[in-house]
Amino acid sequence: MLKENVVESLLGETSDKKKSRTPARLDFLQSASGLFLAVFMILHMLFVSTILISKDFMLSVTKAFELSFIFEGGSSVPVFIAISIVSAIFIFHAFLAMRKFPISYRQYLRLKTNSNLMNHGDTKLWIIQVITGFALFFLGSIHLYTMLTNPGNIGPYASSDRVFSDLMWPLYIVLLIAVEFHGSIGLYRLSVKWGWFEGEDSKVSRKKLKKVKIILTVVMLTLGIMTLLAYMKIGYDHQDNYGERYMHPTEVSHAN
Ligand code: HEM
């Protein structure tokens, strides 16, 4: 909390804070939306990485999101609704975060000098979060817009064609790195800020949380890179049949 205040006072925010309760409410909403997005990103990685198990398994997960147990063959409407909700929370979170950006180059330099002088580990993490957050705003928006306009085009071949033939992989590499650093630093900062998992000695707790943060980043990045490579390989093998959709073996036998 103290370090947070140092950062905020450098940005000249403390006097406003005393006047109104709104910043505290906005802070809470920023934390809540950030927590939602971080949990969503962990689940998102688990769903997307099902391609590492098999094409059939990834197709089954896609069909479950399309509520194929209710609508024959699945519907893209529930997927579209889910993407809309996530997009709205994504924009809301980014909008709230903009308050904390250093708005002038002079403010940035003051912050940078301060973080170097004090060797402030947590202030450095905050700067990484601002930079990755800035990248996410653009790259995440492109991905979400692509998904919003293609809710029915998710699947083993549809996704792999997009990753390889539609050249989304360069964007996904940068997006993946930015989101994994941003998400794990965000979860660490949330835990420190709200005192979750705080034991007797707060220094020891912080050290443990930092270790968990590093493990989370490494695990998610490794899984993400393996997943991306799997989509690229399938997309590469499938490029001559671009546009063809993957079908479950039972669907193929029905079709024949
Ligand atoms: C409900 C919203 C979302 C849906 C339905 C969705 C769906 C998908 C799908 C199906 C893929 C596989 C590749 C493809 O089909 O193009 C993918 C990849 C990816 N998505 Fe999302 N996504 C959503 C939100 C997000 C958000 C908010 C982010 C981060 C800001 C994100 C980051 C990524 C990354 C980094 C990859 C590459 C995966 C990897 O390298 O392992 N996605 N997404």
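Predicted model: local features only at pLDDT ≥ 70, side-chain atom pairs only at ≥ 80, totals over all residues.
Student: Let's start inside. How many residues does the largest nonpolar core have, and which have the most contacts inside it?
Tutor: That core has 26 residues. I51, V163, L171, Y172 and L175 have the most contacts inside it.

Student: And which elements give two or more residues to this core?
Tutor: Those are α4 (55–65), α5 (77–97), α7 (121–148), α8 (156–164), α9 (169–194) and α10 (202–238).

Student: Pick V163. What is it in contact with, leaving aside neighbours within four places in sequence?
Tutor: V163 is in contact with M168, W169, Y172, L228, Y231 and M232.

Student: OK, switching to the ligand. How many residues surround it, and which are the closest?
Tutor: There are 23 residues around the ligand, and the closest are H44, H143, S159, R162 and Y172. You've met Y172 already, as one of the core residues with the most contacts.

Student: Which helix gives the most to the shell around the ligand?
Tutor: That's α3, with five residues.

Student: What's the shell like by class?
Tutor: It has 17 nonpolar residues, five polar ones and one charged.

Student: New topic: how many salt bridges are there?
Tutor: The count comes to four. In one of them, K193 pairs with D27, and their closest N and O atoms are 2.7 Å apart. K193 lies in helix α9 and D27 in helix α3, so this pair ties together parts that are 166 residues apart in sequence.

Student: Is that pair buried or exposed?
Tutor: Both are buried: K193 has a relative accessible area of 16%, and D27 has 8%.

Student: What about E66 and K63?
Tutor: Their side chains meet in a salt bridge too, at 3.0 Å from N to O. E66 is buried, with a relative accessible area of 5%, while K63 is partly exposed at 25%.

Student: And how far apart are K233 and D237 in helix α10?
Tutor: They are four residues apart, so about one helical turn separates them. Their side chains meet in a salt bridge at 2.5 Å, N to O.

Student: Which residues do shared partners join into one network?
Tutor: Salt bridges that share partners join D27, R99 and K193.

Note on methods:
Residues numbered from 1 in each chain as written. Heavy atoms only, no water. Core = buried A, V, L, I, M, F, W, Y, C linked by side-chain atoms within 4.5 Å. Buried < 20%, exposed > 50% of the residue type's maximum accessible area, 1.4 Å probe, protein only. Contact = heavy atoms within 4.5 Å. Near = heavy atom within 4 Å. Nonpolar A, V, L, I, M, F, W, Y, C, P; charged D, E, K, R; others polar.
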